Each structure stands twice: as C-alpha cells, then as structure tokens.
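Subject: Handover of a structure, with notes on salt bridges and a cavity

Dear colleague,

Please find below the structure that I am handing over to you. My notes follow directly after it.

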Amino acid sequence: MPNPKTTNKWPLGALLPLGAVLSGLAMAAEPVAAYPDGTETVLEDVKVKAAPAQKPNRFKAEASSTGGKTEMAIRDIPQSVSVVKKELIQSQNAFNLRDALKNVSGLTIAAGEGARTGDSITLRGFSANSDNYLDGVKENGQYNRDTFFIEKAEVLKGASSILFGRGATGGVINQVAKKPTGKTGVTGAFTYGSYDFKRTTIDAESAYQNLSARLNFLFQDNGSFRDYNDTQRLGLAPSFRVKVDDDTNVDLSLLHQEEQGVFDYGVPMYRGKPADVSVNTYYGFTDNRLMDTDTNVATVALSHRFNSDFSVKNTLRVGAYERNYLTHLFGAVTDKGAASTVARTQALRRNVQDNVYNQTDFVYKKPLLGFNNTLMFGSEFGWENYDFKSKNSTGVSSVSIFNPVLTASSTGLATDFSGTLTTDRYTKAQTYAGYVLDQFEISPEWKVLVGTRYDQFDAQQLDRVATDRFSRSDSQWSPRSGLVWQPDKVQSYYFSYGTSFNPSAESLSLSESTANLPPEQNRNFEIGAKYDLFGGRLSATAAVFRLEKTNARTADPNDSNLTILAGEQRTDGFEFGLAGEVLPRWDMSMTYAYLDAEISKSNTVATGTVSGLSKSLQGMNATNVPEHSGVVWNSFHITPEWEVGGGVFYASDRYADNVNEVTLPAYARLDAVVAYHQKHYDVQMNVFNLADTVYYESGQTRSALPGVPLSAQVTLNVKY
C-alpha cells in the first residue's frame, strides 16, 4: 500500500504507468482499460487532431491604443490608423523612428525649420513636430528617436485634440515601448555596414514571482556618406512590472539616450533645385561640428481593475531634454554660373526642456439599454519649461557651391554664451484638461463614437534680450464623432469628424505678433473602409478626407509686422493600404497617399529666392507635401530558413519653399533584404538604394538633404 501521507514527489510506481500511457498515445497504440476483477478490454481508437498553431501576422496589426484611451480593434476605430510593427522595422533595418515612419501613408520627413533638430514630421500637409507620444503620453523633446526599445509605432491621422490636446492637426505619432512579458530570455543584434556603421542592441528580460523586468540597450558608432559626418549613440531603456495583486499592476520605465553628431542640412539650393554636386559634398566647418543631445524620460503607470467592468490607469511622466549644437545654415546665393557662391551663417545654440505630465484614464464597459457600451473619461495635467539661448558667430564667409574649399571656423566663432546673445528666452506652459468619450453599439452592425475634451492651456515667456514678457491663456472644447457600420466580421465602413487647435505657444514660443492671438482651429472629415481578406490574413484600408485649417495665421494687411487669424489651409486626400499575408509565405506592407494641400486664403507676401519677386501665399501648395507617395515592401519565405524581400519607397516632386519656386525632385528608392533563420540565430543583409539613385529626403528654401546612396548592412541576431 502506498504511504497515505501527502508528499511533494510522485511515487515511481505512479510515474511508470503515466509514462507508458503517454508513450502509447504518441505511438498511436490501442489504449487498454483495466477493471477491478482483472479483466481487460480494448477500447476503440480515438483520433485527436490538434488545431494548427496560429502563426502571428508579421505586418498586420489587429488593435491600436492610439485611436482611443484603451486598446481597441482597428476595425472599430472611425479614423485612419497606421501601425508599423517591429517585424517590419526589423525587416527594413529601420533604426531611426523617421525611417520606420516612411511606411505610413500621408507622412513625410521634413527639414527642421528655424534650425530645428531631431525628428521633424509632416502629416497630411501639417506639421506634427510637437505631436510625438510614448505609450499615449506626450513626449515632445527634440532628438533623433531610435527604435531599439519600441514594439511598434502607431500613427493616428486627422485632427485629434480630443485625445491629445493642443496640436494633433494632421495626426499624432505614438511609440509603444517594449514591456516585460514575464518570460526569460535574451536577444542580441550586431550590425556592420557601409561607411563603417557599427551597432549593437541587447533585449533581455526575466521574471521572479510578482516582479518582471526587461532591459533594452543600444550602442551605435557610424560614419556617413556625407563628408565630415559621424554619429555616436548610446541608449538604455529598463522597464519593470510589479503585480501587486490580480487586479493591480505598477509599471516603471526609463529611457536614456545620448547622441553626439553633426548639424548638417545637406547641399544648397541653386536656381530652384538642389545644386548638382556629389551627395557627399559638405559645406560646413571642419573643426567644429557640434550637435549633442541628452534625453531622459521616466514613467510610472498604475493600473487597477475595480471589477470586470471598471478600470483605471494613472500615468506620471517626467522628461528632461538638453541640446547643445552649432548650426550651419545657408543664406543667399550669388549666381555666377560655375563660380557661384552661397552665404553661410553659424550660431551656437542650447536648449533645455523639462516636462511633467500626469494622465488619468478611466474605462467603464457596461451594457446600456441592452447594448454594448464603452465609456472612457479622464484628465490630464502637464507642465513644460523651455530655456533657449542662441549666439551668432561673426565673420562667417561665403563658400563656392560647386567647388567648396573648407576651412576652420571663423575667428568670430561663438564658443560660449557670454556677451550679446541673439536669443535668450524662457517659456513655461501649463495644461489642464478633462475628456469624455463613449463608444455605443446601436446594434451588432452599427457603432457610434462621440465625445469631447476641454483644455486650458496657459503660457508665459520672458525674453531676456528685449526684456519683454508675454503671456497667453486659451480654453478650448474639442469634439469628435464617428459612425461605424460593420455588416459582417470582415467589413468595416466609417465616417468621422474631428477637431483640433493650435495655440500660439504650441511649440513653446511667443512673440509680440502672436501673444494676443486665439488658437487656430482645424477640422477633419473622413470616410473610410477596412476590409479583411483571405480569412483575415490580409487587411485592406482606404480613406477619403478633407482636413481644414479655418483661421490660419497670416499677415495683417494694414501692418505686415502684425499677425491676424484670417488665412485658410486645406488638404484633400485619399489613402490606401494593405498589410498582412498575401500567401502563407508572402508578407506584404503597402501604402499609398494622394495629397492636395493648398493655402486657400492668405494675406502674407514673401519674396521668391529664384524670381526675386514678391508673391502672395494664397493659392500656393503647402511645403514638403508630395502629391503622390507610397511604399511597397514584400517578404518571401522561400523555405523556413531562407527569406528574401525588398521594396520601393516613392515620392513625387514637392515644393520646399512657401512661394513654390524651389522644388525637390521625385524619386523611387529600391531596397532589398536576404535573411537566413535558425532557432538561436538569424543572419540578415539589407541593401539600400540598389539603383544608386540620387534623391533628396527633405529640404527647405535654401537647402536639401540627400538620401543614402547604394550601401549595405549585415546583421547577426542571437537569441536564447
């Protein structure tokens, strides 16, 4: 008889029959049943067929947290949403966020106006420079965002101030960070490529009882196809999750990224287009190419579920951003044919930005009148401080456009902020907001989304050079509504209306001409469709929209030094996308956008750099907005081990200045990828710009930034 006492170990005699049974099932042997009298009977065969494992869809996303204040199925969101998953990012070796975002329809990379550095984005014809978010909370510092710590990038397009407050005119960019999963493992990636490109990333995680942790690490050191350019980047992103109980989690995440690089806007414009020089030609100064950034972001999020219907999440974020850099900007061109020269300016600049944001979001899911209903409501409080200094160098000489002879900086190089400064200002801003948003299911086929947000946005600025003080206080309601019709599980059609506002101090800057202006107002009308094909493996999306700015800032016709709200700007557009599996071994991501962006009303007059004539901005196309743009990316698994793929990035020509005299030419860039996969490692080679096409990613009135020429990178991924 076995010992009746409870024991932590199974008796050997009990394990042996169990092992025999398991072995018998594995060998499809006939099972035997024993009866108390010792007789045996042979049971009939029982065939068990396991359901095939569902393979994750590499490029297609099912849900997004950016279209609402909770995770929602994309088909339920009455607005255009693009999701760039980490699998697509890895397939393209898109190490910078702006490279990953090239897969988003209606989005273009812009040159930094006013010597802006870091990511500069245009969405549906409107600037989105201050519309960057991390896990749904504002993260708007100026730096080059890396993808080493993100799971995916989500872009919600159209006016969306109900969710995000000020800005959000053309849309918002929301990075979703990698978080602890409760698993244990480590992945390392090592890349070497053209121009001495070296990059290492590590993604490690572990768990113990109620604590799980994850660490993402980055180190990058690379040269460039641009002369005198190099970059060193270091990143750390640890994250932790504490499971307090079954209903409560505390998440802590940190991001530290520092970078040393070069301020470089590329080549000068000549006679309305980029100068016909080699793409590596540099026009700056050989001895001083300062551009240092230091970014630190800390986030604490508390999530609690009161019951199955009601939950809350409170997020506190503290961000600190510092930039020190020497600008190098082009001035007027002296046109002498082959002997033409271009003026240059140089300035030492420093800005320090500190943010504190607290965001509380409640979600209540409870049927109402017998119909499914999700109520979302909450509040946001934010404080931002911005200190900006600039000092011009003196004696900066012009340089030849077609045969530049580079020298050291002038004797008047600005090396510190002593003496007379060009700019010295301190701005602080406060945001207080509350919102309510409700998704009501009229029937299984019809859903309504409606809500509004109220913002109080205050800003104060001290100009230490002119000893001026400016302040501005704005209050704003931002309604949003949408109707969704889903006749079956694969079709979803919607109409939406959304609004947004742009206060004068949106980018933390005020002036005498803008301090007394109320916010600009925007509205977005959109009709769209979302359709699943091939059993849900492939999704197709399409949208037609009109985005309007109804009271744009423009010059006062009675005093050109003053600004009034009498202009109008609109973008009419169409977007189309495919994402998912065309066939079981064929993954595709395709996007296309047609944008007609026009300044339909304006009193502002500007002088053309080509004609020298004064022209009204009314009727001009918006800058940096190609009429046609798109990306097609394919990935084929020839065998389980071998993968080949590639794609085309395309943009039609677009204007780089506001009077439409300076043009960036159209381009199509062809990339390719080959990868070999094993259980514990992958080897991948990416080739960029296979045709070695000369093209320009971005530009402004006097400069154009060339895109990468033919180049390659090889990456080894190791995983355990």
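Predicted model: local features only at pLDDT ≥ 70, side-chain atom pairs only at ≥ 80, totals over all residues.

Residues are numbered from 1 along each chain as its sequence is written, and side-chain values use heavy atoms, with hydrogens and water left out.

Salt bridges

The count comes to 50 salt bridges, a salt bridge being a side-chain nitrogen of Lys or Arg within 4 Å of a carboxyl oxygen of Asp or Glu. One of them joins the side chains of R214 and D203, at 2.7 Å from N to O. R214 lies in strand β15 (residues 211–222) and D203 in strand β14 (residues 197–208), so this pair ties together parts that are 11 residues apart in sequence. Strands (E, at least two residues) are DSSP runs, numbered from the N terminus. R214 is buried at 8% relative accessibility, and D203 is likewise buried at 14%; buried means under 20% relative accessible area, exposed over 50%, and partly exposed in between (1.4 Å probe, protein chains only).

D309 and K366 form another salt bridge, with their closest N and O atoms 3.3 Å apart. This pair links distant parts of the chain, 57 residues apart: D309 is in the loop between β20 (291–305) and β21 (310–334), and K366 is in the loop between β22 (341–365) and β23 (373–392). D309 is partly exposed at 22%, as is K366 at 38%.

The side chains of E322 and R350 also meet in a salt bridge, at 3.4 Å from N to O. Here strand β21 holds E322 and strand β22 holds R350, 28 residues apart. E322 is partly exposed at 29%, and R350 is partly exposed at 30%.

Cavities

A cavity is a set of points on a 1 Å grid over the protein atoms alone where a 1.4 Å probe fits but cannot get out; lining residues have an atom within 4 Å of a point. There are five cavities of 30 Å³ or more.

Kind regards

Terms used: 1 Å grid on protein atoms, 1.4 Å probe; cavity = no way out; pocket = protein on both sides within 12 Å on 5 of 7 lines; lining within 4 Å. Points joined across faces, edges and corners; volume = space filled by probe spheres on them. Helix = DSSP H or I, 4+ residues; strand = E, 2+ residues; numbered from the N terminus.
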